[in-house]
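This report covers strand pairing, aromatic ring pairs and confidence for one structure.

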Amino acid sequence: MADHTQALSFGAAAAEYDRFRPRYPEAALRWALDGVGAPPARIVDLGAGTGILTRGLLALGHEVVPVEPDPGMRARLAAATPGTTALAGSAEAVPLPDGAADAVLAGQAYHWFDRDRAHAEVARLLRPGGVFAPVWNTRDERVAWVAELGRIAHLGDNSGNVVERYADFGPAFTAVEVGEFQHATTLTPDEVVGLIRTRSYWLTASPEDQRRVERGLRELLASHPDLAGRETVDLPYRTVVL
């Protein structure tokens, strides 16, 4: 079962989360929704957070119902996504009727779910033939300085362990297909530190551990030969869709 202390830690940093977390490539979202039909499809965004995935889906012309348990994140979603209000709910208890969705997506959230309960709830929500697609932006740790960033900041997610850990959604679903898409975000060194401050490890760490992580990050950004002296850096991502 997920650590819900960490899962519900993000509301305290909702504005920073929305500012610094990477967006999802359009190609990844289109791939996830292949077979759903032409827009507008009705999509439930589980664990919608501040609405990063919701806004990407809205931009494709779909109808989106975000569901989010954290009130701080729901408030930020409403502020950043005019005309959209997130429902208070979780992946294990969604306040919508059976068959309400053509697709259910989860951006950067599935690893927090109680999987067995969430699978049953998603199956209930989907119309026959509907699509369930968790999506992750994972750092491309094939790049040496990105791997070091992950080590310093205690970031455990990467594309390999996502695919290995979550390869089966249970008997209600057909076999999982995997899509991977590459992109990058351009950040200043201060923004890289701001991004790390939105991570669950940082948000639940002691002040001493937070200072240690930030010190290590600033040393990396100032001294690594691929980064030293640069005003901005390109942080590469591999977006994984199951």
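## Strand pairing

Glycine 179 has valine 241 of β7 as its bridge partner. The two strands, β6 (residues 179-187) and β7 (residues 233-241), pair in the antiparallel sense over nine bridges; pairing requires at least two bridges found by DSSP. Strands here are DSSP runs (E, at least two residues), helices are H or I runs of at least four, and both are numbered from the N terminus.

In a regular strand, side chains alternate between the two faces of the sheet. The covered face of β6 holds Gly179, Phe181, His183, Thr185 and Leu187, and the uncovered face holds Glu180, Gln182, Ala184 and Thr186.

## Model and confidence

This is a predicted model: local features need pLDDT of at least 70 and side-chain atom pairs pLDDT 80 or more, while totals for chains, interfaces and linings use all residues. Residues are numbered from 1 along each chain as its sequence is written, and side-chain values use heavy atoms, without hydrogens and water.

The mean pLDDT (the predictor's confidence in each residue, from 0 to 100) is 89, and 92% of residues reach 70 or more. Over residues 1-12 the pLDDT is below 50.

## Aromatic pairs

The structure holds 10 aromatic pairs, meaning Phe, Tyr or Trp rings (for Trp the six-membered ring) with centres within 6.5 Å; planes under 30 degrees apart are stacked, over 60 edge-to-face, the rest tilted. Tyrosine 110 and tryptophan 136 form an edge-to-face pair, at 5.9 Å centre to centre and 80 degrees between the planes. Tyrosine 110 also forms an edge-to-face pair with tyrosine 166, at 5.1 Å and 85 degrees.

Key. Contact = heavy atoms within 4.5 Å. Buried < 20%, exposed > 50% of the residue type's maximum accessible area, 1.4 Å probe, protein only.
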